[in-house]
Amino acid sequence: MFIPLESIDIGKRIREEYSDSDTDWKLFKESFTQLGQLQAIRVEVCDRIIDDHNNEHFQYRLISGGRRLKAITEINAEGLAIPGVPKGMIEVTVSDEVPTRVKMMREFAENKQRKDFTVQEQARY
């Protein structure tokens, strides 16, 4: 399922540094412009909105995939295309409401496996 980038609230995250270097970040972003989004981010519904035309819209809160979200947001701002991903959108998996403790554990586990946390980021866990 694809949702608009602007419908996602990032909220408070453990991760503050998204790459060890500008070169690493550039390569990470280039993987999206070359290969597309290989893995959906995980979100939960945090608000339901009915507009003036009686259309239903949702606001989402990020659970996991902050680096992917940041990269895709930047790529869209640069006017570049991502194969298989409509402009201004991102692929998501929508979860039922997740307790804060579980969200933190998921974020920590996901990030620990992909890019090491800084000492300061680990101290917040």
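I41 stands opposite V92 in strand β5. This is a predicted model, in which local features need pLDDT of at least 70 and side-chain atom pairs count only at pLDDT 80 or more, while totals for chains, interfaces and linings use all residues. Residues are numbered from 1 along each chain as its sequence is written, and side-chain values use heavy atoms, with hydrogens and water left out. Helices (H or I, at least four residues) and strands (E, at least two) are DSSP runs numbered from the N terminus.

**Sheet**

- Five strands form an open sheet in the order β1-β5-β3-β4-β2, with mixed pairing; two strands pair if DSSP finds at least two bridges between them.
- β1 (2–4) and β2 (8–9) are the edge strands, each pairing on one side only.
- Strand β3 (residues 41–50) runs parallel to strand β5 (residues 89–95), and four bridges join them.
- Strands of a sheet pair through backbone hydrogen bonds, either parallel or antiparallel.

**Helix packing**

- Helix α1 (residues 22–35) and helix α2 (residues 66–77) have axes that come within 10 Å and cross at roughly 75°; axes are lines fitted to C-alpha atoms, for helices over the stretch in contact, and angles run from 0 to 180 degrees between N-to-C directions.
- α1 is therefore roughly perpendicular to α2, a label given to angles of 65 to 115 degrees, with under 35 roughly parallel, over 145 roughly antiparallel and the rest oblique.
- W25, F28, K29, F32 and T33 of α1 meet R67, R68, K70, A71, I72, E74 and I75 of α2, where contact means heavy atoms within 4.5 Å.
- By class, this contact has six nonpolar, one polar and five charged residues; Ala, Val, Leu, Ile, Met, Phe, Trp, Tyr, Cys and Pro count as nonpolar, Asp, Glu, Lys and Arg as charged, and the others, Gly among them, as polar.

**Salt bridges**

- The count comes to six salt bridges, each a side-chain nitrogen of Lys or Arg within 4 Å of a carboxyl oxygen of Asp or Glu.
- One of them joins K29 and E78, with the closest N and O atoms 2.6 Å apart.
- K29 lies in helix α1 and E78 in the loop between α2 and β5, 49 residues apart, and the pair links distant parts of the chain.

**Confidence**

- The protein chain has a mean pLDDT of 86, and 92% of its residues reach 70 or more; pLDDT is the predictor's confidence in each residue, from 0 to 100.
- Confidence is lowest in helix α3 (residues 100–114), at a mean of 72, and highest in β1, at 96.
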